[in-house]
Amino acid sequence: MYNLVLKDLKLGVNPWFFVLPLILGGLMLIPGWVYFLVPLYFCFITVPNIFGGFKSQNDLMFSTVLPVTKSDIVKSRVAVLVILELMHLLVAMIASIFTFQLYPKMQYFFFAPHMGFWGMCFLMMALFNLIFIPIYYKTAYKYGLATTASTVAAVLFATVVQWAGIQNDWLHSLFYGPGLDRTGLQFSILVGGVLIFIACNLLAYRIAVRRFLRVEIL
């Protein structure tokens with residue numbers, strides 16, 4: 001599987017998509033912006049372009065002639081997707097540190113990029129993967145429906161959570177004002193988001209393997 005991951009990273013993924021997280025991370029420096037959009041650009045730009053590239057390269061046929069199992073093919077592709085997601089999230093998280101340094105007295109209408117916010121971002125990407133990966137592996141090459149469904153779900157998640165954070169008193173207390181000073185609470189939200197992200201990826205992988213085993217490749 002390790003060699004399959006290297007194949008995708010070196011041959012399947014355009015080097016531009018390793019630079020893109022650095023560019024999009026810079027959007028975190030915009031004061032008071034809708035920071036949910038930063039990881040969402042991964043769904044808007046990176047996923048359709050990368051999986052479109054895999055299809056145009058006929059990567060599925062190439063992978064199946066290699067001495068590897070179908071489960072390894074799925075596992076490597078999920079690993080590549082997660083690696084790229086983590087690159088986007090980690091760069092944005094680092095950039096957010098500078099955001100607080102640049103605007104120490106900023107009053108945020110939308111979520112400020114504290115630890116709890118990043119926990120929500122991990123939840124959003126978990127939902128994206130849980131929908132995208134199983135749908136994609138119904139065929140392992142048709143990515144349009146999978147991308148659309150998972151992106152819509154991620155956008156709806158971000159919209160609902162942000163709206164609830166503004167309108168709901170309990171959520172507002174977690175992500176605004178005194179709630180941001182509760183480091184233990186913020187860290188717990190982040191860790192919870194990461195754990196759910198891991199669990200959803202494992203579940204998506206298992207579903208995808210079952211579906212891919214039923215795919216007949218000519």
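## Packing of helices α3 and α6

In this predicted model, the axes of helix α3 (residues 37-56) and helix α6 (residues 115-136) cross at roughly 25 degrees and come within 11 Å. Angles under 35 degrees count as roughly parallel, and α3 and α6 are therefore roughly parallel to each other. The crossing in which α3 passes α6 is right-handed.

## Surroundings of methionine 93

Methionine 93 is placed in helix α5, which spans residues 70-102. When its neighbours within four places in sequence are left aside, methionine 93 is in contact with Trp118, Phe122 and Leu190.

Proline 113 provides a further spatial reference for methionine 93. The two residues are separated by 20 residues in sequence, while their C-alpha atoms are 7.6 Å apart in space.

## Nonpolar surface patch

A nonpolar patch on the surface is formed by Met115, Phe187, Val191, Leu195, Ile198 and Leu202. Together these residues have about 530 Å² of accessible area.

Helix α9 (residues 183-213) is the element that gives the most to the nonpolar patch, with five residues. Leucine 202, one of the patch residues, lies in helix α9.

How values were computed:
Residues are numbered from 1 along each chain as its sequence is written. This is a predicted model: local features need pLDDT of at least 70, side-chain atom pairs count only at pLDDT 80 or more; totals for chains, interfaces and linings use all residues. Side-chain values use heavy atoms; hydrogens and water are left out. Patches are made of residues with over 30% relative accessible area and no salt bridge: like charges are joined within 9 Å, nonpolar side chains (Val, Leu, Ile, Met, Phe, Trp, Tyr) within 5 Å. Accessible areas come from the Shrake-Rupley method with a 1.4 Å probe; for residues, only the protein chains shown count as cover. A salt bridge is a side-chain nitrogen of Lys or Arg within 4 Å of a carboxyl oxygen of Asp or Glu. Helices (H or I, at least four residues) and strands (E, at least two) are DSSP runs, numbered from the N terminus. Axes are lines fitted to C-alpha atoms, for helices over the stretch in contact, and angles run from 0 to 180 degrees between N-to-C directions. Angles under 35 degrees count as roughly parallel, over 145 as roughly antiparallel, 65 to 115 as roughly perpendicular and the rest as oblique. A crossing is left-handed if the near helix is turned anticlockwise from the far one by less than a right angle, and right-handed if clockwise. Contact means heavy atoms within 4.5 Å.
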